[in-house]
Amino acid sequence: MSVTPARTRRATPFAVLALVLALATALLGGRASAGSGAVAAGSRPCDLYAAGGTPCVAAHSTTRALYSAYGSRLYQVRRASDGSTRDIGVLGAGGYADAAAQDSFCAGTSCLITVVYDQSGRGNHLTQAPPGGFQGPAAGGYDNLAEAAAAPVTVGGHKAYGVFIAPGTGYRDNTTNGIATGDQPEGMYAILDGTHYNSGCCFDYGNAETNSRDNGNGTMETIYFGNSKVWGYGTGNGPWVMADLENGLFSGVNRGYNANDPSVSHRFLTAVVKGGPNHWAIRAGDARSGGLSTYYDGPRPNASGYDPMKKEGAIILGIGGDNSNSSAGTFYEGAMTSGYPSDATENAVQADINAAGYAPSAVAGAPTVGSRVSLRATTACCTDHYLRHNSADGNAVIAAVSSSNSPADKAAATWIVRAGLGDASCVSFESADKPGQYLRHYDFRLRVDTIDSAALSRLDATFCPQAGHSGQGVSLRSANYPSDFVRHYSYGVYVASHGGSHAWDGTTAWADDTSWVVTSPWA
């Protein structure tokens, strides 16, 4: 639906010229920057928004600068071994994240992302989300923090990391500066992993309540991505880009189904939501190529409480406005604006995103879904030991396995790799000799067990591979405890943090004990 003249702000000739020049810079200069490291002035997303008259008031990314002149910190990590922190910046003004600094700082241990810094200069930094209408799983009811190495990618040929949101993980800023309130116009975009989602509430990025509570219809306005059908949905089986406006995920003007909002499956997804007085829109596209499609552009939903809006101006990432935290997704970059961006401005931003060159980065040696594997320990004591289950009690242990072992021993050390029961972007391990039973943690100890339909049980049986802490093989992160990894300790197997309160969290040989080589199956 077109915007009525009463709601349209006519662009000045100067603004149009500035935007045309900025678009040309994004198309030409942006592509040059991917290989050379040089960044053309005015080419980054927040430069383009400013040129269009709708400047960024929040700009978050763990992968690159969102202004061509920005040369400071992107995010902060905290390592488990000693609790120290380090800011991770860019390689140069307007450039890409210095992932090597993170790799060096976190070598041999694990790190969490503690802050995603705001590049706009307004101080709208995202930190660990506090409790609200829903409690988080961390101490004090806070949400978990994301594991810093969980979402490796390359951008412009440079290694970088995204923010991997598992259920229970979330970031927030309830005290912001310059974010739209009431019915003020705003826009927002985010680059997401279009293959990492679930139906939990709610993987959001954008404007939310300042008290972490549900304050009624129209008190938030965010990008939502997932396949929940509880409040709204589009065509197909999802996932969909929708707007979370509180007490409703909207795919268009109607509460519930709207035919023009398609399912999307781009590995790297650009998602856009923008809203002003009785007018809002959803747009999306492939972050690696092509333009944006408009899925909805028209008046506010035909349900009470959304016109006028009552936005409060907090910022959330990975959660709902009331701290609902059962969602999953991966975030790479995003920004929020003052004012309602034009389609032309957003198209220019999309051109720069295309030029950035997002690409997946596979974890070397990770198990492949559908394969049969065995998992070999890498600690010097035990390089002939494999992860297996006990026949008597089902507990997981490591034990020596060789060609001379019995068929039963070999079968107990063999696993069938399945898509993660609690997060399909990760994996679960089904016992080869106990069909229907899966490796899971229970009270930190790993065992094989039948998994019911409860979300907690399914997450307990889900593990996310990342590069091995020792430099060998892979480390298997617990899907619901981002600091905990599968570790052998005194021949038992646990999920363990580095330096936690349990004996199996001890620091000695932790990196080796949490690294596993995926081998051919014994059975």
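Colleague: Which residue does a disulfide join to Cys106?

Modeller: Cys111, with the sulfurs 2.0 Å apart. A disulfide here is a pair of cysteine sulfur atoms within 2.5 Å. This is a predicted model, where local features need pLDDT of at least 70, side-chain atom pairs count only at pLDDT 80 or more, and totals for chains, interfaces and linings use all residues. Residues are numbered from 1 along each chain as its sequence is written, and side-chain values use heavy atoms, leaving out hydrogens and water.

Colleague: Are Cys106 and Cys111 buried or exposed?

Modeller: Both Cys106 and Cys111 are buried. Buried means under 20% relative accessible area, exposed means over 50%, and partly exposed is in between (1.4 Å probe, protein chains only).

Colleague: How many disulfides does a search of the whole structure find?

Modeller: Five. One of them joins Cys46 to Cys56, S to S 2.2 Å. Cys46 is in helix 2 (residues 45-51) and Cys56 is in strand 1 (residues 56-61). Helices (H or I, at least four residues) and strands (E, at least two) are DSSP runs, numbered from the N terminus.

Colleague: Why is the disulfide of Cys201 and Cys202 left-handed?

Modeller: Because the torsion about its S-S bond is about -90 degrees.

Colleague: New topic. How many aromatic pairs does the structure hold?

Modeller: 17. Rings of Phe, Tyr and Trp (its six-membered ring) pair if their centres lie within 6.5 Å; planes under 30 degrees apart are stacked, over 60 edge-to-face, and the rest tilted. Tyr386 and Trp522 form an edge-to-face pair, 5.6 Å centre to centre with 85 degrees between the planes. They are 136 residues apart in the chain.

Colleague: Is Tyr386 buried or exposed?

Modeller: Tyr386 is buried, at 9% relative accessible area. Trp522 is partly exposed, at 26%.

Colleague: Why is the pair of Phe444 and Trp504 tilted?

Modeller: The planes of Phe444 and Trp504 are at 40 degrees, so the pair is tilted. Ring pairs also link Phe444 and Trp504 with Tyr481, Tyr489 and Tyr494 into a cluster.

Colleague: Where does Arg79 lie?

Modeller: Over the face of Phe105, 4.1 Å from the ring centre. The rule for a charge over a ring: NZ of Lys or CZ of Arg within 6 Å of the ring centre and within 35 degrees of the ring normal.

Colleague: How many residues has the largest nonpolar core?

Modeller: 77. A nonpolar core is a set of buried Ala, Val, Leu, Ile, Met, Phe, Trp, Tyr and Cys residues joined through side-chain atoms within 4.5 Å. Another core, of 21 residues, lies apart from it and includes Ala377 and Phe429.
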